Amino acid sequence: MKRKKKKALILSVFMILLLAACSSRTNVRDGDDYIYCLNPDKTGLVKVSYEVQGEDVVEEAKDILREMQKPADETRYTPAISKKIKVQDCKLRGSILDVDFNSEYRSVKPLEEKLMRAAIVQSLLRLDGVNAVSLSVDGEPLKNADGAVIGLMNEDDFVENTGSSLSSYQSGTLTLYFANKKGDKLVEQKMDVRYSSNVPKEKLIVEKLMQGPTGNGAYPTINPDTNLLSVTIKDHVCYVNFDSTFLTSVYDVLPEITIYSLVDSIIAGTEATQVQITINGETKAVYMEKIDLSQPLEKDMDWVAVNDDE
């Protein structure tokens, strides 16, 4: 009789544990809604089931950010955002979600900040209509440990890495093409860079072009107010998606110089053999009423200056 009671007790405990495991918020199944939090050691990301509330995208984003700060109701995850960090502003700009935090954001340790940022961005990108996320602190664009502006972030910036740290860094040299002083030729510039292994090289190249040259004799080609929405390579074609600001030039350069600074730089540094430039995901645009962007473009080194022409 005692053995039967003991067996019944063990079975009951087992069933309770089994039900608890099945009901865990970290037991996210295909089709479930979820956000990202941190694992208990704060070394990786964990999917946590959550049904987002809100009447529009901005309200949904605020709801996600609030949920990411709430104390965990089980030991399998920990909140991604400290309670001291406050969301000061949240707005949708086209398909870009801008989120501004208070100065407490800067007090987060570097490794934890990377993970927190990854959790925030990847959670917000799950919202319909959000293609990129921009973070700021007290109205100033978020910067990395080296002081460089991080800029727009999308799914290409992060590797989903549950249970381990996010990234390592690597160094390299990029071959970039900027405008000459007259704006009628391209000039080559070698740029030494150190970057996260999570950042695709094609994205790094475009971002460096948008930031402009670092040395003398070279001049920027891309409107600095342009927002980069995404960069991907598929079947040797690099798809570069900008917002409509890209179509407006603020520099005295030929339209071909802007376009081929992009095309030639990307093809020089990646496996791509063609570059398709899109505007808000559409291929119907014409740059400066002159260059048809409806088809992928191949490199054209005829625009690159030789020493005598610079």
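Author: Helix α4 (residues 201-211) lies across β9 and β10, and its direction is at about 140° to that of β9. Axes here are lines fitted to C-alpha atoms, for helices over the stretch in contact, with angles from 0 to 180 degrees between N-to-C directions; contact means heavy atoms within 4.5 Å. Helices (H or I, at least four residues) and strands (E, at least two) are DSSP runs, numbered from the N terminus. This is a predicted model, in which local features need pLDDT of at least 70 and side-chain atom pairs count only at pLDDT 80 or more, while totals for chains, interfaces and linings use all residues. Residues are numbered from 1 along each chain as its sequence is written, and side-chain values use heavy atoms, leaving out hydrogens and water.

Nine of the eleven residues of α4 are buried (under 20% relative accessible area, with exposed over 50% and partly exposed in between; 1.4 Å probe, protein chains only). Among them are L204, I205 and V206, but also E202 and K203. After α4 comes G212, with a positive phi near 95°.

The sheet itself is open, with three strands in the order β9-β10-β11 and mixed pairing; two strands pair if DSSP finds at least two bridges between them. β9 (228-234) and β11 (274-279) are the edges: each has a single partner strand, so one side of each lacks a neighbour in the sheet. From one strand to the next, the twist averages 15°.

β10 (residues 237-242) runs parallel to β11, joined by six bridges. N241 has T278 of β11 as its bridge partner. Helix α5 (residues 255-269) packs on the sheet as well, touching β10 and β11, at about 135° to the direction of β11.
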